[in-house]
Amino acid sequence: QAAELLATIPTILLIIVLASQFAIIISRRPVRFPAGYTPSVTVLIPAHNEGKHIRATVDAVLESGYPGRLKVIVIDDGSTDQTPVVLKAYSKNPRVRVLRTNHIGKSNALNKALMLAKTEVVMTIDGDTRMEKHSIEKLVAPFSDERVAATTGVIKVANTKKPLSWFQRLEYLNFAFFKSVCERICAVIAASGPLSAFRRKALLEAGGFSPHTYLEDFDVAIKLIKNGYMTRFVDNAYCYTFVPESLWELARQRFRWTRGGAQIIKTHFDMFLNRRYKGPGMYSLPLLSYWYIHSVLIGIALVLQIIFGYNTYFLSHGVVLSVDVAKYFFYWFSVFGIINVAWMVLIGEWSLTLLSALNMILLSATYIIFLISLRKFGEGFTHKDLIAFIFMFPYWLVLLFVHALSNIEWFRKSGKNWWEK
């Protein structure tokens, strides 16, 4: 009962969060930016050991079809693989400049290139990211409004062969859906590294990219907002990036990201629930903060529920392994668990508890958002998505525990920007 009570409160809060997203999507119309604005653009591509992908990244920019003046600066920050060799192919291309630095970190590398750029707009693209054609002109369109200092696009997953990437594909589209929600209330606080653009003058005024956080893309967007500018999300500018394919790589990446989130909250706590900053201060930043509490509460509750259930139904009766034990864990770690609960309630075998009802609502709302995201961002539903739908819970559980562990960052003084995705 204690575990159920502990899980009930954050579950209710999460349902409220999802309800707020639906309410915003329904009540607020999306902003459409007029086409035809083509300022001069410099694309900054920081790279460290991206020999496998850097050619495709640069070529995608050059072949993007942008009608305005376009320059590319690739910053090879101390690569020890084939990156320098690959980049030699662009030595005679007048639109491409290669800058070599001595492993000074992503933010410092970007800042060096920023000082060399002379265009009205600068874009950032990761060294393993491929943008879709015409994404540049879509991304710069909002800059026709002088109040806009940054724009960001939709990040999709490029490598979808291994099962772990199937879950990340849905997660990335879900994050794009959340940014589209924030866009409608001018509350976008992330200028995502794989595909973002900035008004160069405003970016210089904000001090460029901070080398003292793991999430320089959040930090720079918030600094621009504090300076009175807006960050916009462009829902039809797409790019594809490579994601971790092993559980260890994923855990390391997310531990870095979630620690970076804590750094952002500490650094910009003056914005937290500050009406002056409207959507960013009253919605986006509080939500970013809430996940740290949620991960601890729901994580403890889930572990207790799983262990207590296993003990009550099996260990206390001397059963360690059996077909029923396997069935118990299969239900816990797949969508069939909640489907089974619904069925047993429907046929009158079980009574409906508050937590079970809340979980049914939460699961339904979450999967509806997944389906909306797939359609909204031009992705079809595949058998890989179906498998990810069925077994999403273990993936969520891993991310939940990583998020909970990152609470150690509240007790650290500062971090640094390092070369890992």
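Here a residue is called buried when its relative accessible area is under 20%, exposed when it is over 50%, and partly exposed in between (1.4 Å probe, protein chains only). The structure is a predicted model, in which local features need pLDDT of at least 70 and side-chain atom pairs count only at pLDDT 80 or more, while totals for chains, interfaces and linings use all residues. Residues are numbered from 1 along each chain as its sequence is written, and side-chain values use heavy atoms, with hydrogens and water left out.

Proline 39 is a handy place to start. At 5% relative accessibility, proline 39 counts as buried, and it sits in the loop between H1 and E1 (helices, H or I with at least four residues, and strands, E with at least two, are DSSP runs numbered from the N terminus). Not counting residues up to four places away in sequence, proline 39 touches Tyr66, Arg69, Glu120, Val121 and Val140, where contact means heavy atoms within 4.5 Å. Leucine 371 lies 332 residues from proline 39 along the chain, and the C-alpha atoms of the two are separated by 36 Å.

Next come two helices, H2 and H4. In H2 (residues 54–62), the buried residues are Ile54, Thr57, Val58, Ala60, Val61 and Leu62. These pack against E1, E2, helix H3 (83–87), E3, strand E5 (130–131) and helix H5 (135–140). Helix H4 (residues 106–116) buries Lys106, Ser107, Ala109, Leu110, Asn111, Ala113 and Leu114. The cover over the buried residues of H4 includes strand E1 (41–47), strand E2 (70–77), strand E3 (96–101), strand E4 (121–124), helix H7 (200–205) and helix H8 (216–226).

Now for the cores. In soluble globular proteins, nonpolar side chains tend to be buried together. A nonpolar core is taken as a set of buried Ala, Val, Leu, Ile, Met, Phe, Trp, Tyr and Cys residues joined through side-chain atoms within 4.5 Å. The largest one has 41 residues, and Leu170, Tyr283, Tyr367, Phe377, Met392 and Tyr395 have the most contacts inside it. Two or more residues of this core come from each of H1, helix H6 (163–183), strand E8 (230–241), H10, helix H13 (354–376), helix H14 (383–390) and helix H15 (392–405). H6 is the top contributor, giving 10 residues. Methionine 392 touches Phe167, Leu170, Tyr367 and Phe370, with residues up to four places away in sequence not counted. A second, separate core holds 36 residues, including Ile54, Ala60, Tyr90 and Val157.

H1 and H10 make a helix pair. Helix H1 (residues 2–27) packs on helix H10 (residues 278–313) at an angle of about 145 degrees, with the axes 9 Å apart; axes are lines fitted to C-alpha atoms, for helices over the stretch in contact, and angles run from 0 to 180 degrees between N-to-C directions. From the H1 side, the residues that meet H10 include Ala3, Leu6, Leu13, Val17 and Ile24. Their partners in H10 include Tyr283, Leu287, Trp291, His294 and Leu304. The residues of this contact divide into 17 nonpolar, five polar and one charged (Ala, Val, Leu, Ile, Met, Phe, Trp, Tyr, Cys and Pro count as nonpolar, Asp, Glu, Lys and Arg as charged, and the others, Gly among them, as polar).

H10 also holds glycine 279, which is buried, with a relative accessible area of 10%. Leaving aside neighbours within four places in sequence, glycine 279 is in contact with Ile185, Cys186, Ala187 and Ser284. In the loop between helix H9 (247–267) and H10 lies histidine 268, buried at a relative accessible area of 3%. With neighbours within four places set aside, histidine 268 is in contact with Asp219, Ile222, Lys223, Lys226 and Leu285. Serine 406, in the segment after H15, counts as buried at 0% relative accessibility. Beyond its neighbours within four places in sequence, serine 406 is in contact with Phe255, Thr258, Arg259 and Tyr292.

Last, the cysteines. There are zero disulfides in the structure, a disulfide being a pair of cysteine sulfur atoms within 2.5 Å. For cysteine 186, the nearest cysteine sulfur is that of cysteine 182, 11 Å away; cysteine 186 is partly exposed, at 37% relative accessibility. Cysteine 239 is likewise in no disulfide, with the sulfur of cysteine 182 the nearest at 18 Å, and it is buried, with a relative accessible area of 0%.
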